[in-house]
Amino acid sequence: MFKKINKFITLAALGLAFSNPAVADNTVEDFQVWGNATALGNFGFINPQNPDLKKFRWWMEGQGRFGNDATQFTQSLIRPGLGYAVTDKIVVWAGYAWAPTAEPLAARPFNEHRIWQQVTWADNFSFGRLSTRSRFEQRFFDHNAPIAGNDDVGHRFRQLVKLAVPMPTIDPNLSFIVQSELFIAMNTVDNPAFISRGYDQNRAFVGLGYKVNQFATVEVGYMNQFINRPHSARADQMMHNFVANLFLNF
């Protein structure tokens with residue numbers, strides 16, 4: 001029974017990961033390399049005698065992305081945040097992100113600043129570990145962004161679903177990873193060719209995860225990223241990304 005469920009969940013997750021919409025003829029493609037390091041922890045170290053402090057969490061994330069066939073800087077992200085564990089499976093978060101952006105995502109370099117809120121959920125099942133992340137972002141842009149006014153704020157919703165299936169027959173620390181993240185723009189800014197309400201992009205990832213020790217896990221794999229530009233003179237974009245992630249949990 002569990003073997004059948006395991007196979008069903010894996011096939012369903014694969015279908016989700018590769019469920020990008022049909023790509024138009026004018027879609028441009030690029031190969032990119034992404035590196036990410038994310039550290040999570042709690043504030044129990046302040047006073048180990050107070051268990052409630054462990055419910056308060058911190059998040060620190062850094063990313064570097066290189067495009068145009070991985071020959072130049074494209075985007076980076078610095079994303080700190082604070083959270084509170086509602087239960088042992090559900091954590092609510094809020095934070096800030098800085099995202100300097102350049103070609104091929106932008107015609108000219110600009111800075112983006114974000115305020116974000118999210119809810120994360122994770123649980124272990126017989127077939128593996130299933131987790132979700134629901135994130136809202138308020139996006140602010142500097143004067144170099146292709147937007148009519150500096151006061152325009154883009155609101156975006158992101159939903160990530162991730163499945164990690166253990167592979168104990170190969171290595172007890174190895175897992176097969178499949179995930180998909182859908183982005184929805186919640187509003188249209190003054191310049192609709194820059195941000196338009198509706199489907200924004202999807203990121204589908206498949207790869208392997210390895211638990212190095214009780215604190216560190218490494219994930220590497222392929223991400224297919226499709227960016228939708230329905231009202232822009234610029235073509236839609238499809239990125240083929242090699243992604244390496246380091247997750248630290250303290």
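This is a short walk through the model, one selection at a time.

Before you click, remember that this is a predicted model, where local features need pLDDT of at least 70, side-chain atom pairs count only at pLDDT 80 or more, and totals for chains, interfaces and linings use all residues. Residues are numbered from 1 along each chain as its sequence is written, and side-chain values use heavy atoms, with hydrogens and water left out.

**The whole chain**

From the N terminus, the order is α-β-β-β-β-β-β-β-β-β-β-β. Of the 250 residues, 44% are buried; buried means under 20% relative accessible area, exposed over 50%, and partly exposed in between (1.4 Å probe, protein chains only).

**The largest nonpolar core**

Now select Trp59, Leu77, Ala85, Val91, Trp93, Ala97, Ala99 and Trp116, the eight residues of the largest nonpolar core. A core here is a set of buried Ala, Val, Leu, Ile, Met, Phe, Trp, Tyr and Cys residues joined through side-chain atoms within 4.5 Å. Two elements give two or more residues each: β3 (72–85) and β4 (90–101). The biggest contributor is β4, with four. In soluble globular proteins, nonpolar side chains tend to be buried together.

Zoom in on Val91. Leaving out residues up to four places away in sequence, Val91 touches Arg57, Gly83, Tyr84, Ala85, Val86, Gln118, Val119 and Thr120, where contact means heavy atoms within 4.5 Å. Then move to a second, separate core of seven residues, including Ala106, Phe110, Phe141 and Ala145.

**A buried arginine**

Next, pick Arg79 in strand β3. Is Arg79 buried or exposed? Arg79 is buried, because its relative accessible area is 2%. Show what surrounds it: beyond its neighbours within four places in sequence, Arg79 contacts Trp59, Met60, Glu61, Gln63, Tyr96, Ala97, Arg114, Trp116, Arg135, Glu137 and Arg158.

**Over to β9**

Select Phe205, in strand β9 (residues 198–211). Phe205 counts as buried because its relative accessibility is 2%.

Most residues other than glycine have a negative phi, and most peptide bonds are trans. Go to the loop between β2 (56–67) and β3 and pick Asn68. Asn68 isn't a glycine, yet has a positive phi of about 50 degrees. Asn68 counts as partly exposed, because its relative accessibility is 27%. Asp69 is found in the loop between β2 and β3 too; Asp69 has a positive phi of about 60 degrees. With a relative accessible area of 54%, Asp69 is exposed.

For the other loop, jump to Pro104, between β4 and β5. The peptide bond from Glu103 to Pro104 is cis, with omega near 0 degrees.
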